Structure formats: C-alpha cells, structure tokens
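Biologist: Could you take me through this model before I set anything up?

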Amino acid sequence: MEFATLLAIAAAGALASPIGGALALCRRPTTLALSIAVGFAGGALLGAFAFEMLPRAAEIASMPVALGGFAAGFACVYALDLVVVHRGITTGDKADQRPRMLRVRQVRRPRGDEVTVLAAGTSAEELIEGLTIGVSAATDPSLGLIVGVAIVIDNASEALSIGDLVREKGGQHQARRILGWTSLIGVSLFVSAMAGWFLLGNLSQPTLGLLLAAGAGAMFYLTMTELVPEAESHQFQQSSAIAAGLGLLVIFALSNLS
Ligand SMILES: [Zn+2]
C-alpha cells in the first residue's frame, strides 16, 4: 500500500517533466504563464517545508535535529553551488562585489551553454528531490503525498522554463533538446525516489527525521536562489507573488486535510 503510493508519486513527478517540456514545445509559454507556474511551485515548496517536512522532522526526531538537519542540508547544497557552479563567487546584479565577480568570471568561464547548465543542474537537483520523496513516503504516506504534489508542480514548472529557454536560444533540434533533457530529469527523479525508499526507508524514525529536515534545507536553498528569482524575473503586476501565495495556501490546506 505504502509502496504503491510512492510509485504513484514518483511516476507522477517523473512524467511531469516531459509533459511540461512537451507543452512548452507545442506552444511557447508566455512570460505571464511562466511567472505564475514557477511562482506557484515556489510557494507550494515553501509550504511543504514549513507545514509538513520541518514539523514532521521535529516530531519524529527532535527540534535540535530538525534545525540542525535543515542547516546541514542548506549548507551542503550552498557549498556545491558556490564551488562547482559559481566557481567560488556569486553576487546579485546590484552588489558592490559585482565587478570583482565579473573579473573572476572572465578568467574562469563557466562550462557549457546556458541550456546545458540549467538542465544538467536540474537533473542533479532531482537527486535531492527524489531522495526526499522516498524518505517522506517511508516516514508516512500522507507526508509523501504532499511532498510529492509540491514536487510534481515544481517539475512541471521547471520543464516549462527549460523549454522556454531552449526556444528562446533557437537553433536546431529544439524538440530533441527539450524532450531529451526533461525526460532525463524525470528519470533522475524516479530512480532517486526508488533509491530513497529502498536504501534509506528502513532507517530509524529519528534518522528519517534528520534526512527530512536536510531535504527541506537543501530544497529551500534551491527555491530561494533559483525558483523565486526566475518567477519574479517574468512577473507582471506581481503575478509570481500572487501565485506563490496561492501555492503556499494549497499546501497548507492539503496538510490540514490529512
Ligand atoms: Zn524538480
């Protein structure tokens, strides 16, 4: 029964990517639609961390484990992002440190084109999301369901962004690039969800609580640094903030149903 729930969630999350990619291929999303989809996903994820994952981690492990786990998950992804992706320095457009970052960047150019960087990064992120789905479902099917819903929404919106970026860049083989990358992302999520269930699912409840909090911290970092800025950059009349508020409320409501 619990495994059936996990299978359904993992399959839905995995399919959401190529489906989102196919949608972007049929009709390039408007910037308004993109801001709403990505903003909604950001709000839904924040709701899943705040209303489900952290409270559950504190309940089955302890408050210090929930706090420490969240910080550790955040720190791991931050370190990887800073060292591997940003080559040791990252700044906002208006930061005083911007000129220094641009000098460093000129010396060390990031690898690959924009699409490859985004899509490969997303595939890697799916490992975290998949493991978190597996751990959530093993902790409690209703938790797995809510985390799964947030990740399904997230994956569909990510695929729209990737599709949009490929179409913006133009060039040949757009269909193959969009469907290839989004399918790889889906496979990555499915495989890691299974790995999370089979490799980590039998751990003790306190350990599952720690992993749950770490997953929330890791995904929180990605939500704040990638999803929210991406959504805001396409917004019209704060469409992304409105959608994020709705996403948060949907997860809050779902979380109180179960
Ligand atoms: Zn995702």
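The conversation below covers the basis of the model, the metal site and the overall fold.

Modeller: This is a predicted model, in which local features need pLDDT of at least 70, side-chain atom pairs count only at pLDDT 80 or more, and totals for chains, interfaces and linings use all residues. Residues are numbered from 1 along each chain as its sequence is written, and side-chain values use heavy atoms, with hydrogens and water left out.

Biologist: Which residues are the protein donors of the zinc ion?

Modeller: Glu126 (OE), Glu129 (OE), Asp154 (OD), Asn155 (OD1), Glu158 (OE) and Glu158 (OE) lie 2.1 to 2.8 Å from the zinc ion. Donors here are N, O and S atoms within 2.8 Å of the metal (3.2 Å for Na, K and Ca); water is not among the atoms, so sites may look incomplete.

Biologist: What spacing do the donors follow along the chain?

Modeller: The spacing is E-x2-E-x24-D-N-x2-E.

Biologist: Are aspartate 154 and asparagine 155 buried or exposed?

Modeller: Both aspartate 154 and asparagine 155 are buried, meaning under 20% relative accessible area, against over 50% for exposed and partly exposed in between (1.4 Å probe, protein chains only).

Biologist: Changing topic, how many helices and strands does the chain have?

Modeller: There are nine helices and zero strands in the chain, both being DSSP runs (helices H or I, at least four residues; strands E, at least two) numbered from the N terminus.

Biologist: And what share of the residues counts as buried?

Modeller: Of the chain's 258 residues, 43% count as buried.

Biologist: What box do the C-alpha atoms fill?

Modeller: Along the principal axes, the C-alpha atoms fill a box of roughly 50 × 40 × 35 Å.
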